[in-house]
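Visitor: I have a structure to look over with you. Can we take it question by question?

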Amino acid sequence: MGKVKIAPTAGFCFGVERAVKLATSALEDSHGLVYTLGPIIHNPQEVERLESRGLMMANTMEDIESGTVIIRSHGAPKGILEEAQARGLEVVDATCPFVNRLKERVVSLASEGYQVIIVGQADHPEVKALLSFVPENSLVTMSIKDLKKRGDLKTRVGIVAQTTHSLENLQRVASYCVGVCREVKVYSTTCQATNERRRDARAMAKEVDVMIVVGGRNSANTTRLSEAARQEGAVTHHIENASEIAELGISPDSIVGITAGAASTPAWVIDEVIEALESILS
Ligand code: SF4
């Protein structure tokens with residue numbers, strides 16, 4: 001008989017839950033227009049739900065003439081908060097406290113004269129915002145191979161990781177730098193919420209026939225959860241919502257594990273996926 005298992009850590013992390021709550025309160029309390037600077041979370045269904053309640057998305061500050069601007073959990077580049085206040089906008093800062101702590105770390109490393117190395121994705125909004133606070137010689141890297149190729153490593157480096165990046169990769173890059181630099185300072189800035197979800201996905205992938213990872217396709221976090229499950233050898237599907245379950249061809253006697261992205265998947269989307277799966281499994 002088939003069965004659904006749900007990872008204990010599936011779904012929203014503290015930082016994203018907080019951002020969605022702050023956005024919901026702003027929509028209830030504000031008398032003017034309410035914007036987010038970029039999508040508030042990487043999940044089209046949740047963004048649509050909030051948009052149906054009046055939330056609007058702006059790509060730049062120039063797109064906002066009046067009302068309230070919500071800074072999402074990834075934070076914002078240097079000067080954005082001040083610019084919003086100077087333009088008379090109401091600011092709701094939903095930057096995750098862990099992202100703020102990471103920002104403090106990179107600023108302190110730069111002020112101590114270290115070349116800042118951020119292990120993460122250069123095009124991720126959190127990393128783009130961080131780069132606006134550090135000198136130009138700072139680096140963003142995903143791998144040792146990339147660092148070797150670039151050849152612009154200084155002798156004193158300060159290393160951090162994007163909050164949703166893997167701890168293992170931070171360790172690999174730090175260990176490489178210890179071998180080739182004179183002085184290395186490392187802050188372990190990967191978020192526990194992400195590490196726990198990845199650990200649970202790996203453990204669950206070993207116990208089930210099929211893994212379903214629920215979350216936005218534009219969510220790096222969810223994509224990495226799928227990779228973690230796949231690395232354990234599980235047949236893994238990354239889906240956004242329950243409407244995709246039918247076409248996966250899951251056999252009724254399968255043991256199916258479900259997990260979901262920390263920053264992209266609300267509980268109601270997970271519940272709909274569970275319901276759709278339970279109707280297939282006998
Ligand atoms: S994944 Fe971690 S750092 Fe990112 S928003 Fe969630 S709690 Fe904050």
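Visitor: Which residue in strand 12 stands opposite isoleucine 6?
Guide: This is a predicted model. Strand 1 covers 3–6, and strand 12 covers residues 255–260. The two strands pair in the parallel sense over four bridges. Opposite isoleucine 6 stands isoleucine 258.

Visitor: In what order do the four strands of the open sheet lie?
Guide: The pairing in this sheet is parallel. Strand 1 and strand 11 (235–239) are the edge strands, since each pairs on one side only. Neighbouring strands are turned by 25 degrees against each other on average, direction ignored. The order is 1-12-10-11.

Visitor: At about what angle to strand 11 does helix 9 run?
Guide: Helix 9 spans residues 220–231. It lies across strand 10, strand 11 and strand 12. Its angle to strand 11 is about 170 degrees.

Visitor: Which strands does helix 8 lie across?
Guide: Helix 8 is made of residues 192–205. It runs at about 170 degrees to strand 12. The strands it lies across are strand 1, strand 10 (210–214) and strand 12.

Visitor: What is the bridge partner of tyrosine 35 in strand 3?
Guide: Strand 2 holds residues 34–37 and strand 3 holds residues 55–58. Four bridges join them, and they run parallel. Together with helix 2 (residues 44–52), they make a right-handed β-α-β unit. The partner of tyrosine 35 is methionine 56.

Visitor: Is glycine 15 buried or exposed?
Guide: Glycine 15 is found in helix 1 (residues 14–29). Its relative accessible area is 3%. Buried means under 20%, so glycine 15 falls in that class: buried.

Visitor: What is the radius of gyration of the chain?
Guide: The chain has ten helices and twelve strands. For 282 residues the globule rule gives 19 Å, and the chain is close to that value, so it is as compact as a globular protein of that length. The radius of gyration is 20 Å.

Visitor: How much of the chain counts as buried?
Guide: The chain exposes about 13000 Å², and carbon and sulfur atoms supply 50% of that area. Of the 282 residues, the share that counts as buried is 52%.

How values were computed. Residues are numbered from 1 along each chain as its sequence is written. This is a predicted model: local features need pLDDT of at least 70, side-chain atom pairs count only at pLDDT 80 or more; totals for chains, interfaces and linings use all residues. Side-chain values use heavy atoms; hydrogens and water are left out. Two strands pair if DSSP finds at least two bridges between them. A crossover is right-handed if, with the strands pointing away from the viewer, the path from the first strand over the helix to the second runs clockwise. Axes are lines fitted to C-alpha atoms, for helices over the stretch in contact, and angles run from 0 to 180 degrees between N-to-C directions. Contact means heavy atoms within 4.5 Å. Buried means under 20% relative accessible area, exposed over 50%, partly exposed in between (1.4 Å probe, protein chains only). The radius of gyration is taken over C-alpha atoms; the globule rule is 2.2 Å times the number of residues to the power 0.38. Accessible areas come from the Shrake-Rupley method with a 1.4 Å probe; for residues, only the protein chains shown count as cover.
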